[in-house]
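Subject: Structure handover

Hello,

I am handing over the structure below. My notes on what was found in it follow.

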Amino acid sequence: MTLPTIRKLYFSPVKSLSFSNKKNLIVKKNIGIKNDRTFAFTRLIDKKESYSYEKNPEKRNLNFFLTLRNSPFLNKYNFEYRDNVLSLLINNKLINKISLDNRDNFETLSKELMYREKLITKTPHLVYNKHSPFFDTTPNISISLINLGSVEDFEDKIKRKIEHERFRGNIYINNIDPWKEFNWIGRKILINGCLFKVVQKISRCSATNLVPKSETVDLNLPLKLKEIYGHSNMGVYLIPLTNGDINENNIIKL
């Protein structure tokens with residue numbers, strides 16, 4: 001008997017700007033995946049208000065963060081975070097990098113985006129909080145799990161390939177029937193000794209319309225989901241209930 005298995009793992013150091021494949025991820029109880037979405041860029045608010053958003057998850061409003069939905073240009077950038085250094089890249093080439101040892105460095109990357117994208121009325125400010133990451137579900141915690149079987153079923157229905165990166169999930173699994181992950185909502189799953197609660201479906205927005213690593217829109221993905229299945233969901237959110245680590249090829253147990 002085949003069991004649901006982790007196929008791929010990802011984390012995004014900066015909200016909406018990065019998507020890094022890893023063979024192993026560290027899970028933090030009631031926080032999420034280590035270094036996942038611990039940075040973000042605000043928009044339309046000043047530095048003082050941005051720092052307030054940084055410290056207070058309850059106050060955060062997604063409209064005041066740079067996201068692929070409001071700023072598709074972000075999709076061509078990527079960030080890498082290691083050894084306390086945050087690096088900005090485009091087409092795998094380093095543009096700029098900062099050390100987190102000095103908070104004044106944060107404005108360096110903000111100004112880089114301002115200059116490159118001519119952001120005059122939307123001055124971004126880089127914020128950081130490793131204890132309360134910048135999830136779409138903020139102030140709630142969320143790790144996203146995508147069933148590749150569901151993606152493949154969708155591909156079959158629309159007769160075209162859909163890059164799994166569009167969904168920007170943390171955990172991609174296979175060896176499970178399409179859409180069966182929705183039956184897990186309200187239940188707990190165990191991965192390599194880490195316990196998670198499956199809490200809700202993930203409703204998809206226009207960010208999934210973008211071809212990965214580009215500003216090109218080539219379909220209305222949420223509308224297609226709605227037309228075929230009567231909903232625009234793909235994947236489920238998890239809450240981590242214990243510390244630990246998860247790896248590619250780990251088995252998922254209910």
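S142 sits in the loop that lies between strand 9 (125-128) and strand 10 (143-147); strands here are DSSP runs of E with at least two residues, helices are DSSP runs of H or I with at least four residues, and both are numbered from the N terminus. Please note that this is a predicted model, in which local features need pLDDT of at least 70, side-chain atom pairs count only at pLDDT 80 or more, and totals for chains, interfaces and linings use all residues. Residues are numbered from 1 along each chain as its sequence is written, and side-chain values use heavy atoms, with hydrogens and water left out.

S142 counts as buried because its relative accessibility is 6% (buried means under 20% relative accessible area, exposed over 50%, partly exposed in between, with a 1.4 Å probe and protein chains only). Leaving aside residues up to four places away in sequence, S142 touches F135, T137, Y237 and L238 (contact means heavy atoms within 4.5 Å). With T137 there is a side-chain to side-chain polar contact at 2.8 Å (a pair of N or O atoms within 3.5 Å; within protein, one must be able to donate a hydrogen and the other to accept it, and residues adjacent in sequence count only if both atoms are side-chain atoms).

Next, strand 14. In strand 14 (residues 233-240), 7 of the 8 residues are buried. Strand 14 pairs with strand 10 in the antiparallel sense over 3 bridges (two strands pair if DSSP finds at least two bridges between them), and L145 stands opposite V236 of strand 14. Strand 13 (residues 194-203) also pairs with strand 14 in the antiparallel sense, over 6 bridges, with V198 opposite L238.

There is also an open sheet of 3 strands, in the order 6-7-8 with antiparallel pairing. Strand 6 (77-82) and strand 8 (93-99) are its edge strands, each pairing on one side only.

Finally, two helices. The axes of helix 3 (residues 148-158) and helix 4 (residues 221-229) come within 11 Å and cross at roughly 85° (axes are lines fitted to C-alpha atoms, for helices over the stretch in contact, and angles run from 0 to 180 degrees between N-to-C directions). Helix 3 contributes D153, F154, K157 and I158 to the contact, and helix 4 contributes L221, K224, L225, I228 and Y229.

Regards
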